[in-house]
Number of protein chains: 2
Amino acid sequence: MNTKRPIEFYFEFASPYGYLTSTQIDDIAARYGREVIWRPIMLGAALKLTGSRPLAQIPLKKDYFLHDIRRFARLLDVPLALPPVMPMNSLAASRAFWWIHDTRGHCHARKFARALFHAHWGEGRDMSRPEQVAEVAAALGYAPEEVVAAVQDERIKARLKEETQRSIDRGVFGSPFIFVDGEPFWGADRLDQVERWLATGGW
Amino acid sequence: MNTKRPIEFYFEFASPYGYLTSTQIDDIAARYGREVIWRPIMLGAALKLTGSRPLAQIPLKKDYFLHDIRRFARLLDVPLALPPVMPMNSLAASRAFWWIHDTRGHCHARKFARALFHAHWGEGRDMSRPEQVAEVAAALGYAPEEVVAAVQDERIKARLKEETQRSIDRGVFGSPFIFVDGEPFWGADRLDQVERWLATGGW
């Protein structure tokens, strides 16, 4: 029996570094016999608390950020196409995730998250509107009208709010944010340290 | 003749990630036959432009940051002791660097920067006052009264301002910020990419 605790992967769909990490994290975990629990959140709440803003809106940082994500994607050899709106409104996408999670299970939700990330950051498609999210979900077999209804369901709205608040309570303020046995790692550029922590049990 | 261009290493003395990088960058560069030009700046000017603040003052981020720099220092096996004031006022330290740079040369200035970083982040000593900076410089053979006079010299003040403005003009908004053949890398956690860029010439 595998008794190793899963890795927790917090991310925001509108975050390119969340996307880049999503292409790597399961493989890294698998090398050490671990699973990954994916947890999309709305990062805006934490950005308010830290007095920060989306990278695409910050003078000086914006130019570097656009250069860096392209360079990072080339290094990882994953597709990257800039969406027309940065950051998009990820409410519908995040709610759809938690609806699939709670009604079909985590593996299906993770599969949807991969497809959503690929559509948004791999193909550069806006995913702000429920209909756009439903289109991605439809390719995985979900009825579009069910998805559109789910993202407007008060229980699903509350579910995402709770997840977001819980992430803040745990100290999450950026995307990606990863916990390995309770140890926090922020950023796509901490994946080497995540892997070393998995390999060594800490230092 | 070695015709490879030097690496440029921008940093803020009050930045722990600048310190961590300072313990690695020369060795990394040397493996590829490169030298490193050290360039201390006052990061406050860029933080104003990006609407940011010193990490030690940001809710949520602060706790992670204090945990992360200790963990990072253990990984690199370098000493780390938190100074009593974070961030310290690094005006005197930065001006002293440029004074030594312009009167004695870059190698002496770099040696002073290493000693200053070690005193501040390796031993946890405040280095805000000119007398404290002069004490570190004195151990390297500089007359304390000369150092104290230099950091109040209008030409040296203007020199640091120019360096800081030039860094902003080049897009520097954080510490460390490294240029390899014009390619920008921000953060201590980009050193693996810096090394790969040096090894491959880019990707």
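Reader: I've got two helices on screen. Is the crossing in which H5(A) passes H6(A) left-handed or right-handed?

Author: Right-handed: that is how H5(A) passes H6(A). Keep in mind that you're looking at a predicted model.

Reader: Okay, but how do I describe a helix pair beyond its handedness?

Author: Two packed helices are described by the angle between their axes and the distance between the axes. Here, helix H5 (residues 91-104) and helix H6 (residues 106-122) of chain A have axes that come within 7 Å and cross at roughly 155°. Angles over 145 degrees count as roughly antiparallel, so H5(A) and H6(A) are roughly antiparallel to each other.

Reader: Which residues make that contact between H5(A) and H6(A)?

Author: From H5(A), look for A:Ala93, A:Ala96, A:Phe97, A:Ile100, A:His101 and A:Arg104. H6(A) answers with A:His106, A:His108, A:Ala109, A:Phe112, A:Ala113 and A:Leu116. Sorted by class, this contact has eight nonpolar, three polar and one charged residues.

Reader: Let me try a pair in chain B. At what angle do H6(B) and H7(B) pack, and how far apart are their axes?

Author: Helix H6 (residues 106-122) and helix H7 (residues 130-138) of chain B pack at about 125°, and their axes are 9 Å apart. H6(B) and H7(B) are therefore oblique to each other. The crossing is right-handed here too, with H6(B) passing H7(B).

Reader: And what is the contact of H6(B) with H7(B) made of?

Author: H6(B) brings B:Phe112, B:Ala115, B:Leu116 and B:Ala119, while H7(B) brings B:Val133, B:Val136 and B:Ala137. Count them by class and you get seven nonpolar, no polar and no charged residues.

Reader: Now the sheets. What is the strand order in the open sheet of chain A?

Author: Read across the sheet, strand by strand. In chain A the four strands go S2-S1-S3-S4, with mixed pairing. Strand S2 (36-40) and strand S4 (183-186) are the edges, each pairing on one side only. On average, neighbouring strands are turned by 20° against each other, if you ignore direction.

Reader: How many bridges hold S3(A) and S4(A) together, and in what sense do they pair?

Author: Four bridges, in the antiparallel sense, between strand S3 (residues 177-180) of chain A and S4(A). To find your place, spot A:Ile178, which stands opposite A:Phe185 in S4(A).

Reader: What does the sheet of chain B show next to S3(B)?

Author: Strand S1 (residues 7-11) of chain B runs antiparallel to strand S3 (residues 177-180) of chain B, and three bridges join them.

Reader: Last bit: how are the two chains related?

Author: A turn of 180° with a shift of 0.0 Å along the axis puts chain A on chain B with an RMSD of 0.0 Å. That is the relation of a two-fold axis. In chain A, the residue that comes closest to the rotation axis is A:Asp189, at 2.9 Å (C-alpha).

Conventions. Residues are numbered from 1 along each chain as its sequence is written. Chains are lettered from A and ligands numbered from 1 in the order in which they are written. This is a predicted model: local features need pLDDT of at least 70, side-chain atom pairs count only at pLDDT 80 or more; totals for chains, interfaces and linings use all residues. Axes are lines fitted to C-alpha atoms, for helices over the stretch in contact, and angles run from 0 to 180 degrees between N-to-C directions. Angles under 35 degrees count as roughly parallel, over 145 as roughly antiparallel, 65 to 115 as roughly perpendicular and the rest as oblique. A crossing is left-handed if the near helix is turned anticlockwise from the far one by less than a right angle, and right-handed if clockwise. Two residues are in contact if their C-beta atoms, placed from the backbone, lie within 7 Å. Ala, Val, Leu, Ile, Met, Phe, Trp, Tyr, Cys and Pro count as nonpolar, Asp, Glu, Lys and Arg as charged, and the others, Gly among them, as polar. Copies are superposed by least squares on the C-alpha atoms of residues with pLDDT of at least 70 in both. Two strands pair if DSSP finds at least two bridges between them.
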